[in-house]
Amino acid sequence: MRKTVAFAISLAGMATMGAGKPGGAASPPVAPDHAKWMEPQSPARLYGSTYLVGFGDLNVAMIRTSAGLILIDGGVPEGVPEIAAHLRQLGLSIKQVKLILSTEPHYDHAGGIAGLARDSGATVIASAAGAAVLRTGGGDPDDPQAAWLDRFPGVAKVRRVRDGEGIRLGDTAVTAHATPGHTLGSMSWSWKSCEGKDCRTIVFGSSLNPIAPDGWRFADPAHRPFVDAFRTSFARVKAMRCDLLIPSHPADDQADRLARLARARTPNPFLDPRACRAYAQRAEDALAKKLAE
């Protein structure tokens, strides 16, 4: 069993991340390749203190705690104003965000983190490997998808977190789970949200998709560390306590489930204790196919 070490975030000591003053930079024009990551989706409360504030094809989660807000992932750079607008729709403010947790240092998930940190003053937290790439704004030549990836605004200051470490903000504790493979710095996150006395474990799962450009072969002996990392992550995700999964990229039926949730909160269509196991199994099957090819 991995040992969980909790550390408390001191709100008084938080530093502003990224460049510029809060609200001081104009939103950049939407790059054509980024528009697909900004499909409109209204913010929604999934369960207890857990919300979605992202997009139709890209999840950004928000946890409401007694000491402020936690965001998980940041979308693309152009999506920062939309995430802030979603918070306002919920009666909240970007200034209330105290922590931003990163799943992976790819532009579609991390591109907006610098802008969100700039506007909120939040502390950004990532794995050691993820933090190194966040600071440079991408450009990791060892990434299987390096030939595809856009650069993004770098995050000047990132707090590193270890596998199994706990992060507490107010009444909420979030645990970091190393789930490398898609990137070697990928991190998933879990926490509890309650509705009355009914508390559930929520997991925000990093991508487990074994994808790379043509010519990058998972079966290449030089790429064995990625295959081994994936297999470790599959086993870890399957074993997680997981009542509700938020995948970094939404499932195909997420819009339908959100519509059902808007009509009636009971039974909650997002609660599924088998979701993490199924998520990891689909990725494991995809890797087996890649290796066979």
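Predicted model: local features only at pLDDT ≥ 70, side-chain atom pairs only at ≥ 80, totals over all residues.

Colleague: What's the volume of the largest pocket?

Modeller: About 550 Å³. The lining of that pocket is made up of 25 residues.

Colleague: Which of them lie nearest its centre?

Modeller: That would be His182, Ser207, Asn209, Ile211 and His249.

Colleague: And which helix gives the largest share of the lining of that pocket?

Modeller: H7, with four residues. Helix H7 covers 275–292, and helix H2 (107–110) also supplies at least two.

Colleague: How do the pocket's lining residues divide into nonpolar, polar and charged?

Modeller: You get 12 nonpolar, eight polar and five charged.

Colleague: OK, on to cavities. How many of 30 Å³ or more are there?

Modeller: One. The largest cavity holds about 30 Å³ of space.

Colleague: What lines it?

Modeller: Among the lining residues of the largest cavity are Ser188, Val203, Leu208, Met240, Cys276 and Tyr279. Strand S12 (198–205) and H7 each supply at least two of the lining residues. By type, the cavity lining has seven nonpolar residues, three polar and no charged.

Colleague: Switching topic: which residues of helix H4 are buried?

Modeller: In H4, residues 128–136, the buried ones are Gly130, Ala131, Val133 and Leu134.

Colleague: What do they pack against?

Modeller: H2, strand S7 (123–126) and strand S8 (159–160).

Colleague: And what comes just after H4?

Modeller: Gly137, which takes a positive phi of about 75 degrees.

How values were computed
Residues numbered from 1 in each chain as written. Heavy atoms only, no water. 1 Å grid on protein atoms, 1.4 Å probe; cavity = no way out; pocket = protein on both sides within 12 Å on 5 of 7 lines; lining within 4 Å. Points joined across faces, edges and corners; volume = space filled by probe spheres on them. Nonpolar A, V, L, I, M, F, W, Y, C, P; charged D, E, K, R; others polar. Buried < 20%, exposed > 50% of the residue type's maximum accessible area, 1.4 Å probe, protein only. Contact = heavy atoms within 4.5 Å.
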